[in-house]
Amino acid sequence: MASRTKNITIDQGADFVYTTEVYGNSSTSNVLTLGTDYTANAQMRQSYYHANDTITFECSIASNKVTISANNEVTSNAASGRYVYDVELKKTADSSKIRVLEGIATVTPEATKIG
């Protein structure tokens, strides 16, 4: 299965949430049934080769959709700029992994610094 590409924008210092359906192939008519068979993980890094992640997203799966999120405290610690990210699903039965989403994450700078 090929992963889908989706570029995202994260506002520095604001809560971020993105939800998507997961497809079995590039066709939007083939939605995967996820149930409790999978867990999701997602990270954002400065580059594919950078050892440390900038954000590890909170992940949840419900109604055959994957949601990634980061609260305002987490996004405020990310410097503005362009990053790479991806979302992987791990099948609980055999620990196999699939990448279902990837792309460029742009963090836009925050001007308001009040509580």
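Buried residues (under 20% relative accessible area, with a 1.4 Å probe and protein chains only) make up 29% of the 115 residues in the protein.

Trainee: What kind of model is this?
Mentor: This is a predicted model, where local features need pLDDT of at least 70, side-chain atom pairs count only at pLDDT 80 or more, and totals for chains, interfaces and linings use all residues. Residues are numbered from 1 along each chain as its sequence is written, and side-chain values use heavy atoms, leaving out hydrogens and water.

Trainee: How many helices and strands does the protein have?
Mentor: One helix and nine strands, taken as DSSP runs: H or I of at least four residues for helices, E of at least two for strands, numbered from the N terminus. Along the sequence the pattern reads β-β-β-β-β-β-β-α-β-β.

Trainee: What is the order of the open sheet of three strands?
Mentor: β3-β7-β6, with antiparallel pairing; two strands pair if DSSP finds at least two bridges between them.

Trainee: Which strands stand at the edges?
Mentor: β3 (16-21) and β6 (58-62); each has a single partner strand, so one side of each lacks a neighbour in the sheet.

Trainee: Over how many bridges do β3 and β7 pair?
Mentor: Six, with β7 covering residues 65-70. V17 has S69 in β7 as its bridge partner.

Definitions and conventions. Buried < 20%, exposed > 50% of the residue type's maximum accessible area, 1.4 Å probe, protein only.
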